[in-house]
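Grab a pencil and open the viewer. Below are some exercises, each with a worked solution that you can follow step by step.

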Amino acid sequence: MAIIELDGVRPLTYDLMAGDIIAFIEEAVGGPAHLVGHSDGANVALHVALRRPDLVRKAVLISGNFHHDGLLPVVFDDLTDPGVIAALGPRYGEVSPDGEAHFPVLAEKVLRMARAEPTLTEDDLAAVAVRTLVMAGDDDVVRLEHTAALYRAVPGAELAVVPGTSHLLVLDKPGTVYGLVADFLATDPVPTLAPIRRAP
C-alpha cells in the first residue's frame, strides 16, 4: 500500500513510507497493530517500530535489512531480471492503479532506494521495544550474517531461517512461513529449558 501511494512525484524512502503506515494505523486502526513486512515492507515495519512503538503490538520482519550493505550485490540484478518482472508484475498490477506495465518503473525506484538505504546501526536497533520475529530464507539476498546481526541487536528478538527458500520465501513455502507468523502473533513467548540470550 505504501509503495503504491508513494509511486508518484515523491521519491521512495523508508522514512516516508513509515510515515504513511503510522498515519494509516492512527486513522484507520486507532491503536496498536501487528506489523508483518516482507523485504522492503520489513524495513518499513522496523522504522515504524523505532519511531512509534506505541502503535506496534508485535513486529515480524521477513527478509529485511537494517543497512543497505546487508544485501548481496545480486539483488540489484534480480529486480530487472525479465523472469522476476514476469513473476511479480502481474501481482503488482492486481493492486496498483498504475497497472502491471508500470512495475519496471517501480522496480527501478526501489533499486535506487536499496542502494542508499536503510542506514540504521546495531546501536539503533537496541531501541526496538516491541516483541519481534526476524525471518529469512536460507538462500536469501539478505546476507545470513546480516540477518543474524539484526536478530542479535533487537532486544529479545526471535529468529526463524526457513530451509530451502529464497528471498521470495513467502511464495516458496507459504505454509511454513505463514504458520510461523501466525504462531508468533497468536502466542506469548514460552520459557525455554536452556536459555542463553534470554536468560534472566
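**Exercise 1.** With which side chain does the side chain of R51 make a polar contact?

*Solution.* 
- Before you start: this is a predicted model, in which local features need pLDDT of at least 70, side-chain atom pairs count only at pLDDT 80 or more, and totals for chains, interfaces and linings use all residues. Residues are numbered from 1 along each chain as its sequence is written, and side-chain values use heavy atoms, with hydrogens and water left out.
- Step 1: find R51 in helix 3, residues 40–51. Helices (H or I, at least four residues) and strands (E, at least two) are DSSP runs, numbered from the N terminus.
- Step 2: list the contacts, meaning heavy atoms within 4.5 Å. Skipping neighbours within four places in sequence, R51 is in contact with D15, A18, G19 and I22.
- Step 3: pick out the polar one. The partner is the side chain of D15, at 2.8 Å. A polar contact here is a pair of N or O atoms within 3.5 Å; within protein, one must be able to donate a hydrogen and the other to accept it, and residues adjacent in sequence count only if both atoms are side-chain atoms.
- Step 4: check the accessibility. R51 counts as partly exposed because its relative accessibility is 41%; buried means under 20% relative accessible area, exposed over 50%, and partly exposed in between (1.4 Å probe, protein chains only).

**Exercise 2.** Work out how much of helix 3 is covered, and what covers it.

*Solution.* 
- Step 1: get the dimensions. Helix 3 has twelve residues and reaches 17 Å from its first C-alpha to its last, close to the expected 16 Å. That expected span is 1.5 Å times one less than the number of residues.
- Step 2: count the buried positions. Nine of the twelve residues in helix 3 are buried, so the helix is mostly covered. Among them are V44, L46, H47 and V48.
- Step 3: name the covering elements. They include helix 2 (14–29), strand 1 (33–38), strand 2 (56–62) and helix 8 (144–153).

**Exercise 3.** In what order do the strands of the open sheet run, and which are its edges?

*Solution.* 
- Step 1: read the order. The open sheet has four strands in the order 1-2-3-4, with parallel pairing.
- Step 2: find the edges. Strand 1 and strand 4 (158–166) each pair on one side only. Two strands pair if DSSP finds at least two bridges between them.
- Step 3: look at one pair. Strand 1 and strand 2 run parallel and are joined by five bridges; G37, for one, has L61 in strand 2 as its bridge partner.
- Step 4: Helix 10 (residues 174–186) lies across strand 1, strand 2, strand 3 (131–139) and strand 4, at about 160° to strand 2. Axes are lines fitted to C-alpha atoms, for helices over the stretch in contact, and angles run from 0 to 180 degrees between N-to-C directions.

**Exercise 4.** Is T132 buried or exposed?

*Solution.* 
- Step 1: locate T132 in strand 3.
- Step 2: T132 is buried, because its relative accessible area is 1%.
- Step 3: see what it touches. Not counting residues up to four places away in sequence, T132 touches A59, L61, V154, A157, E158 and F184.
- Step 4: A polar atom of the T132 side chain lies 2.9 Å from the backbone oxygen of V130.
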